[in-house]
Amino acid sequence: MMVSELDILRASILIVDDQDANVRLLEQLLSETGYTCVASTTSPREVCALHRKNRYDLILLDLQMPGMDGFQVMEGLKTNDADGYLPVLVITAQPGHKLRALQAGAKDFISKPFDLVEVKTRIHNMLEVRLLYRKLENYSKLLEQTVQERTAELRESEARFRSLTELASDWYWEQDENGNFTKVSGPALEMLGIRVDALAGETGVQVGGWNEAERQTLQATIAARQPFLDFVFSRVNADGSQQKFQVSGEPMFNQACRFIGYRGIGVELIARQ
C-alpha cells in the first residue's frame, strides 16, 4: 500500500492563521512546492464547518488567534471528524505549547519563525501518513463489504443447496453437534413411523422391526463424524411389509473447523406392500 508523490501534491490543505502575512507566506511556499489544492481562512470559527464540508487532508493551524485559539478549534474538530483522525499540524511560537498541542490531538507542529525546509518536510511527511491512513481505512471498509457479500453468497448457496437436495430426495435433515435434529424437510415422520431424533439413536418413540445391526452401523458412523453415501437400512412393519431407506450424510464444520453437526438426504427405496 503506497502513496505516490502526485497523490501528496494533490492533497487538500487548509491554512488557518489570523495574520494575512503568514497565510500568504505558507500559500506561496506550498504553491512553489507543487501543492495544487490549498485553501485558507483567517477566521478560526469557520474551520469546523469548512472541514466538515471539504474533509481536508491537512489543516495548518495557528495556535495563538484572537477570539478562538487553536486549542478550541481542535476541540471543535474532534466533534465532527467522523474518521477519528485529527489531521492538524499546529503552528506556534511558544515552545511550551508544543506538548500541550500534541496532547490535544495535533499530529505534529511547526515552530515560528519558520524554517522553510522544516515546514516543507513536516507537511510532506504528515500528508504521506494521512493518505496512508485513508487508504487503510478504505481498504478495511472494502474488506468488510467483501466479507458481507461473500457471507450473503454463501447463505444463498446454502439455500440453493437445501432446495435442490429437498427436491432430489424424500427428506433433508440436519443435526447439531449433540445429535439433536434441527431441520427436517419432507415426510420423514410418515415414512419412518418414528420420531426423527430416533434416526440418530436419540430418545424417541420407536417402532419395532428395525435391522439393529444396520442401525448401529449408521449410528457409529455418525458418532465418528464420518461422511456416508447411499447407506441402506431397513425395517419390517407389523403387517410383514418391509421398508428400505437410503441415506447420505456429511459432517458440518464452522470456519474455526469445529464440528457443528450433520446434514444429509434420504429416500425410501421400496414402498410399503
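## Exercises on a predicted model

**Exercise 1. Describe how helices H3 and H4 pack.**

Step 1. Take the geometry. Helix H3 (residues 47-54) and helix H4 (residues 70-80) pack with their axes 9 Å apart, at an angle of about 35 degrees. Axes are lines fitted to C-alpha atoms, for helices over the stretch in contact, and angles run from 0 to 180 degrees between N-to-C directions. Helices (H or I, at least four residues) and strands (E, at least two) are DSSP runs, numbered from the N terminus.

Step 2. Assign the hand. H3 and H4 cross in a right-handed way. Right-handed means that the near helix is turned clockwise from the far one by less than a right angle, left-handed anticlockwise.

Step 3. List the contact residues. H3 brings Val47, Cys48, His51 and Arg52, and H4 brings Val73, Gly76, Leu77 and Asn80. Contact means heavy atoms within 4.5 Å.

Step 4. Sort these residues. Four are nonpolar, three polar and one charged. Ala, Val, Leu, Ile, Met, Phe, Trp, Tyr, Cys and Pro count as nonpolar, Asp, Glu, Lys and Arg as charged, and the others, Gly among them, as polar.

A note on the source: this is a predicted model, where local features need pLDDT of at least 70 and side-chain atom pairs count only at pLDDT 80 or more, while totals for chains, interfaces and linings use all residues. Residues are numbered from 1 along each chain as its sequence is written, and side-chain values use heavy atoms, with hydrogens and water left out.

**Exercise 2. Classify the ring pair of Phe259 and Tyr262.**

Step 1. Count the pairs. The whole structure holds four aromatic pairs. Rings of Phe, Tyr and Trp (its six-membered ring) pair if their centres lie within 6.5 Å; planes under 30 degrees apart count as stacked, over 60 as edge-to-face and the rest as tilted.

Step 2. Apply the angle. The ring centres of Phe259 and Tyr262 are 6.0 Å apart and the planes stand at 70 degrees, so this pair is edge-to-face.

Step 3. Check burial (under 20% relative accessible area is buried, over 50% exposed, in between partly exposed; 1.4 Å probe, protein chains only). Phe259 is buried at 8% relative accessibility. Tyr262 is buried at 2%.

Step 4. Widen the view. Ring pairs join Phe228, Phe253, Phe259 and Tyr262 in a cluster.

**Exercise 3. Locate the backbone features at Pro113, Arg55 and Asp230.**

Step 1. Start with the peptide bond. Lys112 and Pro113 are joined by a cis peptide bond, with omega about -5 degrees. Pro113 belongs to the loop between strand E5 (108-111) and helix H6 (116-168).

Step 2. Take Arg55. Its phi is positive, near 50 degrees, in a residue other than glycine. Arg55 is in the loop between H3 and strand E3 (58-62). Its relative accessible area of 25% makes Arg55 partly exposed.

Step 3. Take Asp230. Though not a glycine, Asp230 has a positive phi of about 55 degrees. Asp230 lies in strand E8 (residues 228-236). At 40% relative accessibility, Asp230 is partly exposed.
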